[in-house]
Amino acid sequence: RAWRASLLWFDPDADHPQLHFERDGLLVAAPGADGVWRVQAIGPFEAVRPRWPQLPVQDASGRLIAPGFIDLHVHYPQTDLIGAPADGLLPWLERYTFPHEARFADPAHAEAVAAFFLDEMRRHGVTTALTFATSHPASVDALLRQAQARGLRWIAGKVLQDRHSPDGVRDETERSLLDTEALIARWHGRGRLGYAITPRFAPSCSDAQLRGAGELAARHPDVWIQSHVAENVDEVRWVRTLYPHDRSYLAVYERFGLLRRRAVYAHGIYLDDADRARLADSGAAIAVSPTSNLFLGSGFFDYAAARAAGVTLGLASDVGGGMSFNPFATMRAAYTVGRAAVRGDGAAKVGVSLAPEDLWWQHTAGAARALGLQGVVGSLAPGSEADFVVLDPQATPLLARRTAQAASLAEWLFAFIVLADERAVRDVHVAGAPALQHSSNVDAA
Ligand code: GUN
Ligand code: FE
């Protein structure tokens with residue numbers, strides 16, 4: 001099938017935003033033997049059309065086709081916790097998060113929330129995410145079963161937390177590692193699905209559990225690792241008392257073999273230059289979670305320092321600490337955080353102005369690169385899987401007005417970042433869905 005629209009795509013392999021834009025473009029996609037749709041061609045309408053003269057063309061002229069967004073860090077069980085206020089991370093975990101996640105012991109509850117969560121993500125144009133489930137293994141089964149039914153490329157893991165956690169969510173060391181091993185065997189590499197070894201964060205895991213997680217990570221190098229690091233000052237202080245002999249919070253994970261490619265750590269606000277160098281050298285990535293960091297009052301991610309050190313990073317909602325499933329809200333929060341002239345530790349600095357193509361890249365091709373999935377999703381380059389959104393600059397009066405006034409592509413993209421929500425997401429195509437079915441926002445045309 002073919003779509004005529006304005007097209008935005010990225011070079012898949014670049015370590016920086018290498019953007020392509022075609023005002024009048026044609027995207028051609030076809031299903032492979034595995035049933036997954038892949039991009040056959042993308043480029044100017046006039047150049048691509050003659051190669052497929054017979055193919056029916058879906059006309060989306062005036063709209064923008066762009067890669068589906070990738071959320072580098074999100075908790076599906078916290079869908080119903082968005083906007084639960086607390087005095088910072090640790091009280092929020094105690095007061096809301098742990099009691100709420102305990103409800104996922106009930107597989108029927110997990111299944112229902114998983115279905116709602118995935119529909120909501122897709123409706124907002126998010127087609128891939130690295131996702132925390134809860135400590136209950138069945139919570140992973142529920143999510144990945146639902147993702148498979150929708151043809152989504154999705155990654156999830158059972159949370160490991162064998163200490164400093166209340167009854168109902170605390171797991172048992174040996175059992176938790178056996179459960180993780182069984183879930184890897186059941187889900188990793190099954191169709192478009194992947195598994196992530198998921199120690200919640202250093203304070204909630206015993207040495208034995210972190211050691212076991214690192215051993216699993218060594219035996220399964222293509223399985224992802226996801227956790228949290230250096231999010232909040234009280235959390236960092238706590239880690240220092242729990243691990244007085246480690247150089248830093250990040251160093252705890254490194255000691256247990258949890259710093260490697262395909263490892264993604266959320267937040268990373270309170271890191272130092274030695275930590276950033278270790279991240280860059282190991283190939284581990286940071287999931288920048290700006291709406292969460294603002295909502296919980298955690299702090300401000302230091303883009304300038306991360307970029308200077310060559311740290312791999314991408315954008316994340318971190319729902320339910322985060323405030324929105326809307327990828328535009330995440331990008332605009334990242335921009336404002338970049339502008340903020342204050343470092344994570346409160347010291348003054350010079351704000352950066354992240355370019356719109358940079359923000360967009362961090363939520364698509366850059367995030368794919370952080371996952372080691374460059375060329376697979378996030379770019380729409382030929383050969384990549386055809387997960388894409390169809391965006392409508394006319395979606396709201398203000399968006400229509402500002403995009404019409406834009407004097408450059410950068411201004412036009414920036415109008416989306418600052419003003420758009422799911423009303424602008426007219427259509428979402430998922431590469432693994434039967435007949436490339438799309439979301440509930442579809443208009444009949
Ligand atoms: N640190 C440990 N668990 C969590 C969580 O669920 N959310 C956030 N934002 N940080 C955490
Ligand atoms: Fe999180």
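**View 1. The annotated span, residues 65-432.** UniProt, in an unreviewed entry, places the feature "domain: Amidohydrolase-related" at residues 65-432; UniProt positions follow the numbering used here, feature names are shortened, and annotations may be inferred rather than shown by experiment. In this predicted model, the end C-alpha atoms of that span lie 18 Å apart, and the span is 43% helix and 16% strand. Helices (H or I, at least four residues) and strands (E, at least two) are DSSP runs, numbered from the N terminus. Residues are numbered from 1 along each chain as its sequence is written, while chains are lettered from A and ligands numbered from 1 in the order in which they are written. Local features need pLDDT of at least 70, side-chain atom pairs count only at pLDDT 80 or more, and totals for chains, interfaces and linings use all residues.

**View 2. Where the two domains meet.** An automatic or database assignment sets the domain bounds, giving domain 1 (2-68 + 379-436) and domain 2 (69-346). Their centres, taken over C-alpha atoms, are 29 Å apart. The contact takes 18 residues from domain 1 and 19 residues from domain 2, where contact puts C-beta atoms, placed from the backbone, within 7 Å. On the domain 1 side, helix 16 (409-419) and strand 15 (425-429) each supply at least two residues, and helix 16 gives the most, with three residues.

Definitions and conventions
Contact = placed C-beta atoms within 7 Å.
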